[in-house]
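Dear colleague,

I am handing over the structure below for your attention. My notes on it follow directly after.

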Amino acid sequence: MTHCRFHLLLLLALFMYVGVGHASERDRQLDELMALSGLNEQVAQIPESLKAGFIQAQQQGTPIPEATFQAMMRSTERSIVAEDILAEIQTSLASKLSDADIQTLLTWYQSDLGREIAEAERRAAQPSAYGDMMRQAKTLYGDSRRVKFAEKMDKLFGATDMVMELQKFTGVAVFSAMTMGTQPGAAMDLSVFEERIATEIEASRPAVEQGIVLSYLYSYRNLDMAKLETYAQFLREPEARRFNTTILESMNRALQNGISDLARDMARLMGGNLQQS
């Protein structure tokens, strides 16, 4: 009996060891996939892009007090954290992708074309690239074949839809947080506001789509159409669809959580300013 029990414990220990080893190897492969795809570097730009938007608004709009503005920037750093977004994405990828999916995706991103495209996307995601993109906008939009390709990319990724949904969420989150900050305990009916902001944001869809298409035109401007058509074919594969859909959904979820935190912080800041005035 003791001998059998010893063998049972030994088998259990072996299973646990194999399970841990498998999980560790799977995590390593996911880390490699996220790095090769350029996802890590692109997500790292999100907090800085958001802060750059606040700085531009502060410079071009009605300035808020400098102390309040600096507090908002610190709040942004606390609320929108690249590592948190990447952790959310990796957790989702681990649950949605099979081992076979991961191997197929790694094979693509380790290929010459996969590396070339990922590098092009990384370069285009740099903040310094924005000015160059705007300078080239007219020329980039002059190639109708590439414009059609970029529009196809937008539909494959669902990028415009994601931006529209995130804008709507941000508007509602900021409005509700500000109301709670300035009118604590007040009953809120957000339905009317949600309908209004949804209508206003939907009106901006053509401009958002134009910006998304321009970003694709700029990212892939130095790649010939044969390579781009091969890339588009890869994106239609079920593994690539799962990969990109999971990234967009989990990124959106992480950003919504961060924006909710940021909105509450902004409400406290504004509420304090109102009380002091």
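Which residues of helix 5 are buried? In this predicted model, the buried set of helix 5 consists of D101, I102, L105, L106, W108 and Y109. They lie on the same side of helix 5, because the arc they cover around the axis is only 160 degrees. On the face turned away from that buried side, helix 5 carries the exposed residues A100 and T107. Helix 5 has 12 residues, and the distance from its first C-alpha to its last is 16 Å, close to the 16 Å expected at 1.5 Å a residue.

The chain as a whole

The protein chain contains 13 helices and 0 strands. Read from the N terminus, its elements run α-α-α-α-α-α-α-α-α-α-α-α-α. The chain has 277 residues, of which 38% count as buried. Among contacts between residues at least 6 apart in sequence, 87% join residues at least 24 apart.

Helix 5 and helix 6

Helix 5 spans residues 99-110 and helix 6 spans residues 112-124. Two packed helices are described by the angle between their axes and by the distance between the axes. For helix 5 and helix 6, the axes come within 4 Å and cross at roughly 75 degrees. An angle of 65 to 115 degrees counts as roughly perpendicular, and helix 5 and helix 6 are therefore roughly perpendicular to each other. On the side of helix 5, the contact is made by W108, Y109 and Q110; helix 6 contributes D112, L113, G114, R115 and I117. Sorted by class, this contact has 4 nonpolar, 2 polar and 2 charged residues. W108 and Y109 also belong to the buried residues of helix 5.

Helix 4

Helix 4 covers residues 82-96, which is 15 residues. From first C-alpha to last, helix 4 reaches 21 Å, close to the 21 Å expected at 1.5 Å a residue. Its buried residues are A82, I85, L86, I89, S92 and L93. These residues cover an arc of only 130 degrees around the axis, so they are on the same side of helix 4. The exposed residues E83, T91 and S95 are carried by the face turned away from the buried side.

One of the buried residues of helix 4 is L86. Why does L86 count as buried? The cut-off for buried is under 20% relative accessible area, and L86 is buried because its value is 17%. Not counting residues up to four places away in sequence, L86 touches M34, L39, N40 and V43. The C-alpha atoms of L86 and M251 are separated by 7.8 Å, although these two residues are 165 residues apart along the chain.

A129 in helix 7

A129 lies in helix 7, which comprises residues 129-141. A129 is buried, with a relative accessible area of 8%. Which residues does A129 contact, leaving aside its neighbours within four places in sequence? They are R123, A124 and Y218. A129 and S219 are 90 residues apart along the chain, and their C-alpha atoms are separated by 9.6 Å.

With kind regards

How values were computed:
Residues are numbered from 1 along each chain as its sequence is written. This is a predicted model: local features need pLDDT of at least 70, side-chain atom pairs count only at pLDDT 80 or more; totals for chains, interfaces and linings use all residues. Side-chain values use heavy atoms; hydrogens and water are left out. Helices (H or I, at least four residues) and strands (E, at least two) are DSSP runs, numbered from the N terminus. The expected span of a helix is 1.5 Å times one less than its number of residues. Buried means under 20% relative accessible area, exposed over 50%, partly exposed in between (1.4 Å probe, protein chains only). The arc is that of the directions from the helix axis to the C-beta atoms. Axes are lines fitted to C-alpha atoms, for helices over the stretch in contact, and angles run from 0 to 180 degrees between N-to-C directions. Angles under 35 degrees count as roughly parallel, over 145 as roughly antiparallel, 65 to 115 as roughly perpendicular and the rest as oblique. Contact means heavy atoms within 4.5 Å. Ala, Val, Leu, Ile, Met, Phe, Trp, Tyr, Cys and Pro count as nonpolar, Asp, Glu, Lys and Arg as charged, and the others, Gly among them, as polar.
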